[in-house]
Amino acid sequence: EQIEAVQAWSLRENGSRVVYAADELYLLADLPLPDTEAYEDYPQYENGVGMIRYLQDEFYDALETAEYDGGPRFLTIATGTAAAPFLQQMMTDLQAKFPQVRCQVLPITNVFYGETVTVAGLLTGQDLLKQLRGRNLGSMVLLSETCLRYDALFLDDMSRETLEAEL
């Protein structure tokens with residue numbers, strides 16, 4: 001409520017909201033994400049502001065015109081616990097359109113930094129490995145690119161290739 005009040009004032013005074021709350025704050029407060037327009041071209045996207053809304057918008061736009069004529073497919077999305085419910089709903093909608101595609105969403109608990117850290121961008125290779133090992137993951141595991149640093153390593157210095165080989 002405080003952020004939305006400041007945004008309304010700033011929009012009137014400056015023509016821009018200027019202040020934005022990270023998606024995680026809406027999730028923690030159990031509030032719906034703002035509409036797309038509230039993000040004003042996503043100036044704080046890299047800071048976690050609007051990532052989920054943007055992903056949903058892009059996904060549902062693509063799903064409207066998507067076609068799939070392949071055979072049965074099973075894959076896994078591993079993500080932080082915050083985004084898992086959103087991704088699960090999206091995959092349920094995907095499967096409604098393409099029943100031959102099954103995509104399980106596995107929320108990964110962040111043991112490395114603590115369970116209150118819920119975003120995919122702070123998942124480590126060791127947490128992914130411990131929680132995915134031994135499970136039926138299908139033909140592939142999808143991860144957010146934010147899981148990897150600029151040098152293509154997880155925050156605990158594990159490489160994607162090491163995780164893949166271990167799984």
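1. Let's start with helix H4, where Ala84, Leu87, Met90, Met91 and Leu94 are buried. Buried here means under 20% relative accessible area, exposed over 50%, and partly exposed in between (1.4 Å probe, protein chains only). Looking down the axis of H4, the buried residues fall within an arc of 125 degrees, so they line one face of the helix. That arc is taken from the directions from the helix axis to the C-beta atoms.

2. A word on the source: this is a predicted model, in which local features need pLDDT of at least 70 and side-chain atom pairs count only at pLDDT 80 or more, while totals for chains, interfaces and linings use all residues. Residues are numbered from 1 along each chain as its sequence is written, and side-chain values use heavy atoms, with hydrogens and water left out.

3. What do the buried residues of H4 pack against? Their partners are helix H3 (51-65), strand E1 (73-80) and strand E2 (101-108), with contact meaning heavy atoms within 4.5 Å. On the face of H4 turned away from its buried side you will find the exposed residues Pro85 and Ala96.

4. H4 covers residues 84-97, and its 14 residues reach 20 Å from first C-alpha to last, close to the 20 Å expected at 1.5 Å a residue. The expected span is 1.5 Å times one less than the number of residues. H1 has 13 residues and reaches 18 Å, close to the 18 Å expected for it. Just after H1, Gly15 takes a positive phi of about 75 degrees.

5. Please also look at Val19, in the loop between helix H1 (2-14) and helix H2 (23-28). Val19 is partly exposed, at 33% relative accessible area. Together with Val6 and Val18, Val19 makes a nonpolar surface patch of about 220 Å².

6. Helices (H or I, at least four residues) and strands (E, at least two) are DSSP runs. Buried residues make up 35% of the 167 residues. Of the contacts with a separation of 6 or more, 62% come from residues 24 or more positions apart.

Technical notes
Patch = residues over 30% accessible without salt bridge, like charges linked within 9 Å, V, L, I, M, F, W, Y side chains within 5 Å. Areas by Shrake-Rupley, 256 points an atom, 1.4 Å probe, with all protein chains shown as cover. Salt bridge = Lys/Arg side-chain N within 4 Å of Asp/Glu carboxyl O.
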